[in-house]
Amino acid sequence: MSYTNEDVIEVRSISDDHQTIHAKTTVPKDTLLGFFDGKAMLIDLDKQDELDDYWWRQSVHLKLIGRKLLCLLPMEEPAGIDFLNHSCHPNTRVEDQLYVFADREIAAGEELTADYRTFDLVPQGIKCWCPEPNCEI
């Protein structure tokens, strides 16, 4: 199970099938917000379509080895830090593919986001929802 610093993070549902994480209080820069965990697997990228899309999107990429990806797949339903969403202007950073830190002071109530492109080793190939016309994650 991933670790979430519940002293500073709360999960909010914004629709029936989408959660976000927000700062409960003002979060100082460099605060550890959480880290990802799961079952380590070596995935053949030429066969990744055999994986359930939901679980593939939840994977944490650790190392690319040719056409194989060493990754963590969740062992249970996502919770807490697993709901970290993408932004091209994030307020968190992911170090060593696992650890999520506040990249600046974050105001209470602000959604916590990360730039997936900085730690996903295999792009998702989907259009980003930012205003940049050619942005993909």
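Me: What makes a contact a salt bridge here?
Reply: A side-chain nitrogen of Lys or Arg must lie within 4 Å of a carboxyl oxygen of Asp or Glu. The model is predicted. By that criterion, the structure holds 8 salt bridges. Asp30, Arg93, Glu95 and Asp103 are linked in a network of them.

Me: Why is the contact of Arg93 with Asp30 called a salt bridge?
Reply: The closest N and O atoms are 2.9 Å apart. The cut-off is 4 Å, so the pair qualifies.

Me: Which parts of the chain does this pair link?
Reply: Arg93 sits in strand S9 (residues 92-95). Asp30 lies in the loop between strand S3 (18-23) and strand S4 (32-35). The two are 63 residues apart, so the pair links distant parts of the chain.

Me: Why is Arg93 called partly exposed?
Reply: Its relative accessible area is 21%. Buried means under 20% and exposed means over 50%, so Arg93 falls in between. Asp30, at 42%, is therefore partly exposed too.

Me: How do you know that Glu10 and Arg12 meet in a salt bridge?
Reply: Their side chains give an N to O value of 2.9 Å. Glu10 is partly exposed at 28%, and Arg12 is partly exposed at 32%.

Terms used. Residues are numbered from 1 along each chain as its sequence is written. This is a predicted model: local features need pLDDT of at least 70, side-chain atom pairs count only at pLDDT 80 or more; totals for chains, interfaces and linings use all residues. Side-chain values use heavy atoms; hydrogens and water are left out. Buried means under 20% relative accessible area, exposed over 50%, partly exposed in between (1.4 Å probe, protein chains only). Helices (H or I, at least four residues) and strands (E, at least two) are DSSP runs, numbered from the N terminus.
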